[in-house]
Amino acid sequence: MADSRGNFSNFGIFTAGLIRQNPTFAQILGLCPTLATSTTAENALGMGLATFIVLVASNFFISMIRKLIPTEIRIPAYIAVIASFVTVIDLFMHGYTYQMWKTLGLYIPLIVVNCIIMGRAESFASKNGMFKSLLDGLGMGFGFIGAILLLGITRELFGSGTIFGYTVWAKSYEVFVFVLPPGAFLVIGFYLALFHYIGSRKKAKSTKKA
Amino acid sequence: MGKYIKTALILASLMIVIGIILGLVYMATEKAMAKADLNAKLSAIKFVLTNPRTGKLLVSENQIPTTLAELDLKIWKSSRSGILYSDPKYPGFVLSPVYRFLGKNGEKIYVLTGFGVGFGGRVVTVAGFVQQKSGFYENAIDVTDYSNETPGMGAKINDPDIRRRFFSIPNSGFEKGLKVNKDAFLFPLPAGYLSKLSQYKKKGIVVTSDVMTGATITPRAVVNTLNAMYDFLEKEAK
């Protein structure tokens, strides 16, 4: 497990965020942008990648400066670092991925207040070295991309009958509620239940074996 | 005391470093951002100068601006305040500048940018109006900013199938004020309404409730913008 103690293998730190400590399905963090921007697979991928870059960069940078920052001002300092990376992403997206930037709109600046990023900065990057923090950022980032993409694909498929804009089935099979806010809660509720069920079964099996 | 000063200095230094880095990144991306904004504006202008039925340009190809300098030559009216007109009846605004082009048949074509208030803020629309003997005919629109509208609902406003509902509106549609069908009490929609969309447009009704279920505020913002544009042209261009 990749916790604040940092006494786990590099592989363990990297893989923790993918499934066991997945920020969305296990830690249930940063749900607001996850639910709001997962209306389509494309939007979900855009938001996932933007968050991934900020998470990896801020984890690395915060770990680098952790010994220079006094404890009393660590939170404003971390927020300033995270906000800077978000601004950089916002500027680049404006310049080079204009349509995606327009579509995601307000949710890009709001990455600053995503609990996943602040949470990893506070619980991991501020207590571990640069390499481990980078691995943690990568693992959590990929975990977040996977989770938001899963939601985006599901909602687009059932709500619009397409995946990444490619038609999968006829319009008559569309269930419009999936692209609406209640649909986001239904889908995430379903996946939370599914992952919880899989986790419980695994746990029960390992207990039996023991 | 010394501890506080040290803390303040560390925080200030961090902010200075961040400020310098962000300044450099802004300088590096400034041109790309300006180019992206200009390209979006130019493509919107070209789009509203195209006949939506035939797909052919209403103006000759060489009239379509490709640079900011060429675009500036097409300015017909502008205002330093940034707003040329605000409709007293509807919350719709016409932004500066308004461009004027000469059509293939010698008619004047106005390209206006305006905004109405949507669910989360401004909904910015670019529209092309052709000056005909009977009055101003709205050719096509492009909704260029709807970033604060709800994804999956109001944010669908610029989807081709939805945007098309706002195309080809004659001046008769604007005389009493353009409305979305719910505001015109055309709801629920009658059978065979799809074949009557043009007739509804002549009466000033834009049907959107079937393609934008649950989202009335965003199309209403577009309609208010178009009303403001029409009023502006009636006052300034006739």
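Predicted model: local features only at pLDDT ≥ 70, side-chain atom pairs only at ≥ 80, totals over all residues.

I first looked up the contact between the two chains, which takes 22 residues from chain B and 27 residues from chain A, where two residues are in contact if their C-beta atoms, placed from the backbone, lie within 7 Å.

Residues are numbered from 1 along each chain as its sequence is written, and chains are lettered from A, with ligands numbered from 1, in the order in which they are written.

For chain B I listed six helices and eight strands, these being DSSP runs numbered from the N terminus (helices H or I, at least four residues; strands E, at least two). Buried residues make up 37% of its 238 residues, a residue being buried if 20 or more other C-beta atoms lie within 10 Å of its own. The C-alpha atoms of chain B fill a box of roughly 80 × 45 × 30 Å along the principal axes.

I then turned to helix H4 of chain A (residues 74-96), whose 23 residues reach 33 Å from first C-alpha to last, close to the 33 Å expected (1.5 Å times one less than the number of residues). Its buried residues, including Tyr78(A), Phe85(A) and Met93(A), pack against helices H3, H5 and H6 of chain A together with helix H1 of chain B.

Next I checked H3(A) and H6(A), which pack at an angle of about 30° with their axes 10 Å apart (axes are lines fitted to C-alpha atoms over the stretch in contact, and angles run from 0 to 180 degrees between N-to-C directions). These two helices are therefore roughly parallel to each other, as angles under 35 degrees count. The contact includes Val54(A) and Leu55(A) of H3(A) and Ile116(A) and Arg120(A) of H6(A).

Last, I found that the axes of H7(A) and H8(A) come within 10 Å and cross at roughly 125°, so the pair is oblique. Among the residues that meet there are Leu150(A) in H7(A) and Tyr191(A) in H8(A).

Technical notes
Buried ≥ 20, exposed ≤ 12 C-beta atoms within 10 Å, placed from the backbone. Parallel < 35°, antiparallel > 145°, perpendicular 65-115°, else oblique.
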